[in-house]
Amino acid sequence: MKSAVLVFPGINREHDMARALRLCAGSDVAMVWHTETALPAGTDLVVLPGGFSYGDYLRCGAIAARAPVMDAVRAHAAKGGLVLGVCNGFQILCEAGLLPGVLMRNAGLKFICKDAFIRVERADTPFTRGYTAGQVIRVPVAHGEGNYMADSETIARLEGEGRIVFRYTTPDGALSPEWNMNGSIYAIAGILNGRGNVLGMMPHPENHVEDTMGCTDGRGLFAGLGRQFAA
């Protein structure tokens with residue numbers, strides 16, 4: 001598997017992401033600067049990592065969504081190539097029109113940095129084949145604008161088409177307002193596009209892939225992607 005990790009000014013999780021891809025997916029990883037107009041030849045997966053692109057001084061991800069490299073990302077997705085956006089990367093994908101909806105300020109109006117429990121709603125996607133449906137995993141969140149919102153028609157479509165992939169839950173997988181830390185509608189933590197090849201999620205699986213962190217629940221996402229291309 002060949003992966004391209006995009007790098008924007010202010011992004012700060014690109015090396016965490018590249019390490020997880022190498023360790024858990026056995027991927028070749030290229031770091032791609034935002035001013036590039038093409039992806040490396042043979043790219044299978046494009047990753048937009050977390051951080052604070054352009055300082056989040058406008059809407060989060062709004063400036064990065066207009067970077068030259070994003071035209072190549074759109075073309076990659078249009079051809080069926082896989083795209084993963086994590087945290088700020090999720091915000092960028094929404095601002096770029098590759099995913100519906102928007103990420104708003106957290107309901108409590110505070111930056112949240114803690115572990116979250118998220119339920120895997122589907123295990124039949126390229127991004128979740130390393131898990132089982134209904135499995136609850138623990139991964140960190142670190143964001144101030146992770147409150148996913150969309151109009152009622154979009155939410156109904158996401159639900160009806162099975163495009164909600166991760167939800168915030170209690171440790172035993174129950175939905176609870178107290179555990180939906182940022183107030184996202186329907187406790188949404190991650191969604192797919194209509195074709196199923198673009199995933200955006202707020203939690204950071206790349207930070208829970210090594211034993212030294214005390215939890216390896218994020219490993220399944222990357223290992224599953226590796227198996228996707230090994231099959």
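1. Asn106 is buried, with a relative accessible area of 1% (buried means under 20% relative accessible area, exposed over 50%, and partly exposed in between, with a 1.4 Å probe and protein chains only). Asn106 belongs to the loop between strand S5 (102–104) and strand S6 (112–120); helices (H or I, at least four residues) and strands (E, at least two) are DSSP runs numbered from the N terminus.

2. On the basis of the note: this is a predicted model, in which local features need pLDDT of at least 70 and side-chain atom pairs count only at pLDDT 80 or more, while totals for chains, interfaces and linings use all residues. Residues are numbered from 1 along each chain as its sequence is written, and side-chain values use heavy atoms, with hydrogens and water left out.

3. Neighbours within four places in sequence aside, the residues in contact with Asn106 include Phe111, His143, Gly144, Glu145 and Asn182 (contact means heavy atoms within 4.5 Å).

4. Cys87 has a phi of about 60° and is found in the loop between strand S4 (82–86) and helix H3 (88–95). Cys87 is buried, at a relative accessible area of 4%. For Ala187, phi is near 55°; this residue is in the loop between strand S9 (164–168) and strand S10 (188–192), and it counts as buried at 9% relative accessibility.

5. Helix H3 is largely enclosed by the rest of the structure, because eight of its eight residues are buried. Among them are Asn88, Gln91 and Glu95, together with Phe90 and Cys94. After H3 comes Gly97, with a positive phi near 80°.

6. The count of disulfides is zero, where a disulfide is a pair of cysteine sulfur atoms within 2.5 Å. Cys24 is in no disulfide, and the nearest cysteine sulfur, that of Cys215, is 12 Å away. Cys24 counts as buried at 16% relative accessibility. As for Cys87, the closest cysteine sulfur is that of Cys60 at 8.6 Å, which is too far for a bond.

7. Three aromatic pairs are counted. Rings of Phe, Tyr and Trp (its six-membered ring) pair if their centres lie within 6.5 Å; planes under 30 degrees apart count as stacked, over 60 as edge-to-face and the rest as tilted. The pair of Phe52 and Phe111 is tilted, because the ring centres are 6.3 Å apart and the planes stand at 35°. Phe52 lies in the loop between strand S3 (45–48) and helix H2 (69–78), and Phe111 in the loop between S5 and S6, so that the pair links distant parts of the chain, 59 residues apart. Phe52 is partly exposed at 35% relative accessible area, as is Phe111 at 47%.

8. Phe90 and Tyr148 form a stacked pair, with ring centres 6.0 Å apart and planes at 15°. This pair also links distant parts of the chain: Phe90 is in helix H3 and Tyr148 in strand S8 (residues 147–149), 58 residues apart. Both Phe90 and Tyr148 are buried.
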